[in-house]
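Biologist: I would like to learn how to read the relation between two chains. Please take me through it one feature at a time.

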Number of protein chains: 2
Amino acid sequence: MKEREISDKEIINYLQDTLYVINGKWKLPVLMAIKRGSTRFREIQRYVPPITSRVLSSELKLLEQNKLVTRKVYDEIPVLVEYTLTTYSETLFPIIELMVYWGKDHRKVIAGK
Amino acid sequence: MKEREISDKEIINYLQDTLYVINGKWKLPVLMAIKRGSTRFREIQRYVPPITSRVLSSELKLLEQNKLVTRKVYDEIPVLVEYTLTTYSETLFPIIELMVYWGKDHRKVIAGK
DNA sequence: CAGCATCCCGAAAGATACTG
DNA sequence: CAGTATCTTTCGGGATGCTG
């Protein structure tokens, strides 16, 4: 069965929706940090320097709202909080990985001008 | 021959480099506009509403600096300017296309919460 | 440890008007 | 047509200190 064509307007809208979700310097690096094994707040903060706690906190909330990250609180003392990726977030990683490689190559392109 | 592993730090750096190039609401939509056939300044502006001429102008300059767009001036009256994609920009479109489709699906994910 | 509260700033982006 | 000039507003993000 054939998909309906996507119109110009829709393309722009979908693209901007995605850009809105990932916008800023931090959201994708934070996702990457979690993927690479940093589940605790301070771990993530160390992985993605020099993000401040205030900014990290707000980024994590937005990622949660977009169903990319799950926040789990363990009621211990001191309190233990774990951030994990949702399975849905896996749909984003092909894009992120392409971006990593693109950034790697782009550095050469701009340097060798 | 095996590629050297990319370290955590490098991943973050490359990723942030890419994010820096495409940052903001407009650069990728502008590239898409050109790809879809809008080569003139006003055409692009109409394709990507509601971008102001001031913003579009600065975005195009940044895209030029990153070798993604070429600006060509034809010395006619009135002056004719054409923006075209560089071949290098083709390396970015796999990412952009994934983002379009991701945005399309994401809308459903968030709506159906 | 995992944040929140405040204060603050520069850059991104919008509004409007104007030029070669 | 293809922008530039000015002015203003918004907002992402930094600095610092504090709390359960």
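**Axis and interface**

Modeller: In chain B, the residue that comes closest to the rotation axis is B:I95, with its C-alpha at 3.0 Å. This is a predicted model, in which local features need pLDDT of at least 70, side-chain atom pairs count only at pLDDT 80 or more, and totals for chains, interfaces and linings use all residues. Residues are numbered from 1 along each chain as its sequence is written, chains are lettered from A and ligands numbered from 1 in the order in which they are written, and side-chain values use heavy atoms, with hydrogens and water left out.

Biologist: What rotation and shift superpose chain B on chain A?

Modeller: Copies are superposed by least squares on the C-alpha atoms of residues with pLDDT of at least 70 in both. Here the rotation is 180°, with 0.0 Å of shift along its axis and an RMSD of 0.1 Å. That is the relation of a two-fold axis. Both copies use the same surface: 98% of the contact residues of chain B recur in chain A.

Biologist: How many residues does the contact take from chain B and from chain A?

Modeller: Contact means heavy atoms within 4.5 Å. Chain B gives 45 residues and chain A gives 44 residues.

Biologist: How many salt bridges are there between chain B and chain A?

Modeller: A salt bridge is a side-chain nitrogen of Lys or Arg within 4 Å of a carboxyl oxygen of Asp or Glu. Between chain B and chain A the count is 4. One of the salt bridges joins B:D8 to A:R36, with the closest N and O atoms 2.5 Å apart.
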